[in-house]
Amino acid sequence: MEGVCEKGLLEYMRKSTPPPFLLKTYMLVEDPVTDDVISWNADGTAFVVWQPAEFARDLLPTLFKHSNFSSFVRQLNTYGFRKVATSRWEFCNDKFRKGEKDQLCEIRRRKAWVNKQQSVALTGQAEAAAVQDQSDEDQRSSSTSSSSGYSSLVDENKRLKQENGVLNTELSTMKRKCKELLDLVAKCAHMEKEGHEGPKLFGVTLEVQGEMEKKRKRVEISESASILLSQACK
């Protein structure tokens, strides 16, 4: 008799205490901090997971110690939740409502065979959503990579244009210097050609000291100009 009473008491305590999964889910839905990820619908009769990827990545590990959105959906199904919208992840259970936390103890886990097809359907939808989220993330990454590559090409083009401008300036400067040196050589050659002859004796030109010195200087100038010209034009 005592054993029967103890068993009945344990059964009563089990039925009067909500399952941990439901309590944790209710906490997430109720928390206003996470309303942009998961919250009640407009009339509080169901809850909506607005951002499945963020929900799985940031919230599930804090209470359920995993980050699998499909597993979370399967758990909901075992407790009789239904997906009530096609355009978003909205789940409903008649005993899971805003402001009625005391009714959670009336929600019981279903037998594994009761609604197997529904569980498979919800899991497939969750996995499809995960694949779509990954695809969107890959597209964003690809777009970011393409944008970065384009920016690099633009920067490289600007750098090459700047270097080209510098080279053109240097080329113009060298051309100007070459011309100046050529003019100098021509001038020295003209001075050499037009130089006055020295005095003559019996028809022979005499080299006086001053004329010899001038001639030597003109030769030195001509040689220096030629050296500078050859160096500048290399």
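## Contacts and overall make-up

Two residues are in contact when heavy atoms of theirs lie within 4.5 Å. In this predicted model, residues 24 or more positions apart account for 58% of the contacts in the chain that have a separation of 6 or more.

The chain holds six helices and six strands, and from the N terminus on these elements follow the order α-α-β-β-α-α-β-β-α-β-β-α. Of its 234 residues, 25% count as buried, while the accessible surface comes to about 16,600 Å², with 56% of that area belonging to carbon and sulfur atoms.

## The buried side of helix α2

Helix α2, which spans residues 20–30, has as its buried residues Phe-21, Leu-22, Thr-25, Tyr-26, Leu-28 and Val-29. These residues lie on the same side of α2, because they cover an arc of only 160° around the axis. An α-helix has 3.6 residues a turn, so residues three or four places apart point the same way. Among the elements that cover the buried residues of α2 are the strands β1 (38–40) and β2 (46–49), together with the helices α3 (52–63) and α4 (69–78).

## The largest nonpolar core

The largest nonpolar core has 26 residues, and those with the most contacts inside it are Phe-47, Phe-55, Phe-72 and Phe-96. Two or more residues of this core come from each of α2, β1, β2, α3, α4 and β4 (89–92), and the largest share, five residues, is that of α2.

Leaving aside residues up to four places away in sequence, Phe-72 touches Phe-21, Thr-25, Phe-47, Phe-55, Leu-60, Phe-64 and His-66; of these partners, Phe-21 and Thr-25 are among the buried residues of α2.

Methods. Residues numbered from 1 in each chain as written. Predicted model: local features only at pLDDT ≥ 70, side-chain atom pairs only at ≥ 80, totals over all residues. Heavy atoms only, no water. Buried < 20%, exposed > 50% of the residue type's maximum accessible area, 1.4 Å probe, protein only. Helix = DSSP H or I, 4+ residues; strand = E, 2+ residues; numbered from the N terminus. Arc of directions from axis to C-beta. Areas by Shrake-Rupley, 256 points an atom, 1.4 Å probe, with all protein chains shown as cover. Core = buried A, V, L, I, M, F, W, Y, C linked by side-chain atoms within 4.5 Å.
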